[in-house]
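Reader: Hey, I've just opened this one and I'm new to it. Can you walk me through it?

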Amino acid sequence: MQTTMLSVSPFFHFILLLFSLADLLNAAAAADYLKLPLLHKNPFSSPSQALSSDTHRLSLLFSALRRRPNPTLKSPLISGASTGSGQYFVDLRIGTPPQSLLLVADTGSDLVWVKCSACRNCSHHPPSSAFLPRHSSSFSPFHCFDPHCRLLPHAPPHLCNHTRLHSPCRFLYTYADGSTSSGFFSKETTTLKTLSGSETRLKDLSFGCGFRISGPSVSGAQFNGARGVMGLGRGPISFSTQLGRRFGNKFSYCLMDYTLSPPPTSYLMIGGGLRSLPVTNATKISYTPLLINPLSPTFYYIAVKSITVDGVKLPINPTVWAIDEQGNGGTVVDSGTTLTYLAEEAYKEVLKAVRQRVKLPAAAELTPGFDLCVNVSNESQRPSLPRVRFQLGNGAVFAPPARNYFLETEEGVMCLSIRAVEGGNGFSVIGNLMQQGFLLEFDKEASRLGFSRRGCGLP
């Protein structure tokens, strides 16, 4: 194609540079969105006419890009208290046709896995009790040499028979207490709803089809009602990471009060963020940086600067909250842990301060596993519980209500639901009970955690 050189002003060169920038911003996609034709030759008789048209066009292109936010997906999220579990369950619809399963929502792990059954005649399986891969036309295990298989932690290459065409990718996922899930690492189609109510089907979700499951974390009382785990950690195989590549690399959730019956439904949301919700006042959103521990890359660490009880700052050495060279220390936000655990030095100061300031009589007996229990048989006394506040990085203040750190263990008795980290070398954990009633946004793109008391439970 021949090119004609024109004697034009520097400003026109600037406009041509802008048009090249528009190409880099995918002008073709924007033009399709606007239903405008893309021009492949210059139909104008003069540079001034081209300049006027290009200026108008660029304004439309940039406007289109600004108006196309990432869609937000949502999935129902409920408390497992009705089944005796301290976890929160998210509804995952997986397979073709979709099979609905409740999974533990866990920001402290990466793998998405479901309990699977290899049955052919599955009539004896109650609905939603297990995933039935033979009943899904889109189920496909990964081959052991597939690159996805190498994303698994501690992937055992010796289990891969490279001489066999159909040698599946096997996984063995281990939790901190020794609980395990093992089976075939596979891919499936998942069906999710958007905020507008429409459905979208996403292909090739990587997940574990678990056939052998053992240990208290994945089969005990805490797991009652669940059929697997939705890992929401920072690793490459987590649900939030897989969908985040397509929907903005952020997710949010609200954990509703577990004591309410029937348990209210809130939502796990992928994409969008707190500022996309119409009920959220931007001035009420607090943000604190997310930190990275290279030795524990799965977890969402935040910086705790100090703790106050009834406005009094506790004498806790700042090094208690630091991550050391061995990867110990720091504070993790974990939806898969029920109570809150603090480094021993910090816990002792919190316990002493709360005990000194509580204005309620002690319970006749301590509930096993708790160090401070009070008698609250008189409902009007509950506002007398001390106020605990966490001062976080970037000046954010996390101020939970007392019901988030005082747990009713029996009628008329409430206990401090903050515990000491056992062993002394672990990290502190902000558990799901402490997170109740807050809308939390994990923004991995901006590496920050947002939280707000407004809009919890919506949309």
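This is a predicted model: local features need pLDDT of at least 70, side-chain atom pairs count only at pLDDT 80 or more; totals for chains, interfaces and linings use all residues.

Reader: Which residue of β8 stands opposite Lys115?

Author: Gly210 in β8 stands opposite Lys115.

Reader: And β4 with strand β9, parallel or antiparallel?

Author: Antiparallel. β4 and β9 (residues 228-231) pair over three bridges. On that side, Val112 stands opposite Met230 in β9.

Reader: OK, switching to helices. How many residues of α5 are buried?

Author: Seven of the nine residues in helix α5 (residues 239-247) are buried, so call the helix mostly covered. The buried residues are Phe239, Ser240, Thr241, Gln242, Leu243, Gly244 and Phe247. Just after α5 comes Gly248, with a positive phi of about 100 degrees.

Reader: Which residues other than glycine have a positive phi?

Author: Asp310 is one of them, with a phi of about 55 degrees. You'll find Asp310 in the loop between β14 (304-309) and β15 (312-313). Another is Ser447, whose phi is near 55 degrees. Ser447 sits in the loop between β25 and β26.

Reader: Where's the cis peptide bond?

Author: Look at the bond from Thr96 to Pro97, where omega is near 0 degrees. Pro97 lies in the loop between β2 (88-94) and β3.

Reader: Now rings. How many aromatic pairs does the structure hold?

Author: It holds 20 aromatic pairs. Take Phe251 and Tyr300: the ring centres are 6.0 Å apart and the planes are at 65 degrees, so this pair is edge-to-face. The pair links distant parts of the chain, since Phe251 is in strand β10 (residues 250-254) and Tyr300 is in the loop between β12 (286-291) and β13 (301-302), 49 residues apart.

Reader: Are those two buried or exposed?

Author: Both Phe251 and Tyr300 are buried. Phe251 also pairs with Phe442, and here the centres are 4.8 Å apart with the planes at 5 degrees, so this pair is stacked. Phe442 lies in strand β25 (residues 439-443) and Phe251 in β10, so the pair ties together parts 191 residues apart in sequence.

Reader: How much accessible area does Phe442 have?

Author: Its relative accessible area is 0%, so Phe442 is buried. Phe251 is at 1% relative accessibility, so it counts as buried too.

Reader: Which residues form the aromatic cluster with Phe251?

Author: Tyr253, Tyr300 and Phe442 form one aromatic cluster with Phe251.

Reader: What sits over the ring of Tyr287?

Author: The charged end of Arg448 does, 3.7 Å from the ring centre. Elsewhere, Arg453 lies over the face of Phe438, at 5.1 Å from the ring centre.

Reader: What classes do the cavity's lining residues divide into?

Author: Ten are nonpolar, two are polar and none is charged.

Reader: And the largest pocket, how much space lies in it?

Author: About 1,300 Å³. The largest pocket is lined by 38 residues, and Gly108, Tyr175, Ala176, Asp177 and Phe299 lie nearest its centre. Elements supplying at least two lining residues each are β3 (99-106), β6 (170-174) and α4 (216-219). By class, the pocket lining has 18 nonpolar, 14 polar and six charged residues.

Reader: Last one: where is His148?

Author: His148 is in the loop between β5 (140-141) and β6. With 35% relative accessibility, His148 counts as partly exposed. His148 and Cys169 are 21 residues apart in sequence, and their C-alpha atoms are 8.9 Å apart in space.

Note on methods: Residues are numbered from 1 along each chain as its sequence is written. Side-chain values use heavy atoms; hydrogens and water are left out. Ala, Val, Leu, Ile, Met, Phe, Trp, Tyr, Cys and Pro count as nonpolar, Asp, Glu, Lys and Arg as charged, and the others, Gly among them, as polar. Rings of Phe, Tyr and Trp (its six-membered ring) pair if their centres lie within 6.5 Å; planes under 30 degrees apart count as stacked, over 60 as edge-to-face and the rest as tilted. Helices (H or I, at least four residues) and strands (E, at least two) are DSSP runs, numbered from the N terminus. Buried means under 20% relative accessible area, exposed over 50%, partly exposed in between (1.4 Å probe, protein chains only). A charge sits over a ring if NZ of Lys or CZ of Arg is within 6 Å of the ring centre and within 35 degrees of the ring normal. On a 1 Å grid over the protein atoms alone, a cavity is a set of points where a 1.4 Å probe fits but cannot get out, and a pocket is an open set with protein on both sides within 12 Å along at least five of seven lines; lining residues have an atom within 4 Å of a point. Grid points are joined across faces, edges and corners, and a volume is the space filled by probe spheres set on the points. Two strands pair if DSSP finds at least two bridges between them.
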